[in-house]
Amino acid sequence: MKSNPVIAINHLYKSFGKLEVLKDFNLKLFEGENLVLMGKSGSGKSVMIKCLVGLMEADKGDIKVLGKDISKLKQNELDELRTKIGFLFQGSALYDSMTVRQNLEFPLRRHSHNTEKKTEELVKEALANVGLPDTIDLMPAELSGGMQRRIALARALILKPKIIIYDEPTTGLDPITAKEIILLMMNIQKKYATSSLIITHDVDCARVISNRMILLLEGKDYAEGNFKDLATSKDPKIKAFFK
Ligand SMILES: Nc1ncnc2c1ncn2[C@@H]1O[C@H](COP(=O)(O)OP(=O)(O)OP(=O)(O)O)[C@@H](O)[C@H]1O
Ligand SMILES: [Mg+2]
């Protein structure tokens, strides 16, 4: 599995005034793996993601995504790189005033030039992947929370990204629906061989989905290992994550 990393973050620092959020944070995501990142609320997970995709400038450190140094890219190169990264934001973030079809077409129209027929095909394929082929003409408000999350997942995957970043994919869902979403994430990863970075507080989710985990604590990659290594750690700071 330890091929070339698709993401390599080295010695990342980011402060806001006196608040040092990240101080020497390191992370590598290898091809085809599911890496879970856990960290308390406010520990800097979102800040790290924003630096990673070039939405925020790091104070120090280097970030390579698919071999490209983020800080050296021009805006159009950054846009191009972002099409290779799928995002599943917390709480789905579907466009409320658009149908499911329009939500899924949105990234396609923005980033690629497909014929109408090809667009329709890709939308249908994406809906089939998440098991919701009959929702195409519904509005988000007509869907349950779990269905909305599935549609958001379909949208995140529609450009067939090499990397997918999930921010709290199971938060707010009941345990059964959460499990369904996790299974879906695993199936999609198998089918498209994507590399996934999964941010979660959900210990069950981490156990099922992770090949490897990193704990973000005190601004650093405080601990790294597989679920079992970390869950059986004697370090009280690590143990606190698994309560
Ligand atoms: N643009 C900003 N300006 C000032 N401070 C910020 C900014 N963005 C984030 N912060 C601060 O950085 C810290 C880390 O925030 P971040 O959003 O990364 O936390 P998080 O780990 O994603 O938390 P959660 O699990 O709640 O999403 C917080 O103290 C936050 O207030
Ligand atoms: Mg966050």
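The legends below describe close-up views of a predicted model.

Local features are given only at pLDDT of at least 70 and side-chain atom pairs only at pLDDT 80 or more, while totals for chains, interfaces and linings use all residues. Residues are numbered from 1 along each chain as its sequence is written, and chains are lettered from A and ligands numbered from 1 in the order in which they are written.

**View 1. The shell around ligand 1.** The residues around ligand 1 are F16, L19, V21, G39, S41, G42, S43, G44, K45, S46 and V47, each with its C-beta atom, placed from the backbone, within 6 Å of the ligand. Two or more of these residues come from each of β2 (19-30) and α1 (45-52); α1 gives the largest share, three residues. Helices (H or I, at least four residues) and strands (E, at least two) are DSSP runs, numbered from the N terminus. By class the shell has four nonpolar, six polar and one charged residues. Here Ala, Val, Leu, Ile, Met, Phe, Trp, Tyr, Cys and Pro count as nonpolar, Asp, Glu, Lys and Arg as charged, and the others, Gly among them, as polar.

**View 2. Strand β4 and its partners.** Strand β4 (residues 60-65) pairs with strand β1 (residues 5-16) in the antiparallel sense over five bridges; pairing requires at least two DSSP bridges between two strands. Y13 stands opposite K60 of β4. Two bridges also join β4 to the antiparallel strand β5 (residues 68-69), where D69 is the bridge partner of K64. The β4 and β5 hairpin has two residues between its strands, and L66 in the turn has a positive phi of about 50°.

View 3. Most residues other than glycine have a negative phi. D24, in strand β2, has a positive phi near 70°. This residue is partly exposed, with 14 other C-beta atoms within 10 Å. A193 lies in the loop between α6 (175-192) and β8 (195-199) and has a positive phi of about 50°. A193 is exposed, with 10 other C-beta atoms within 10 Å. On this count, with C-beta atoms placed from the backbone, 20 or more means buried, 12 or fewer exposed, and in between partly exposed.

**View 4. Helix α5 and its cover.** Helix α5 (residues 145-157) has 13 residues and reaches 19 Å from its first C-alpha to its last, close to the 18 Å expected at 1.5 Å a residue. Ten of the 13 residues are buried, among them Q148, R149, R150 and I151.

Technical notes:
Expected span 1.5 Å × (residues − 1).
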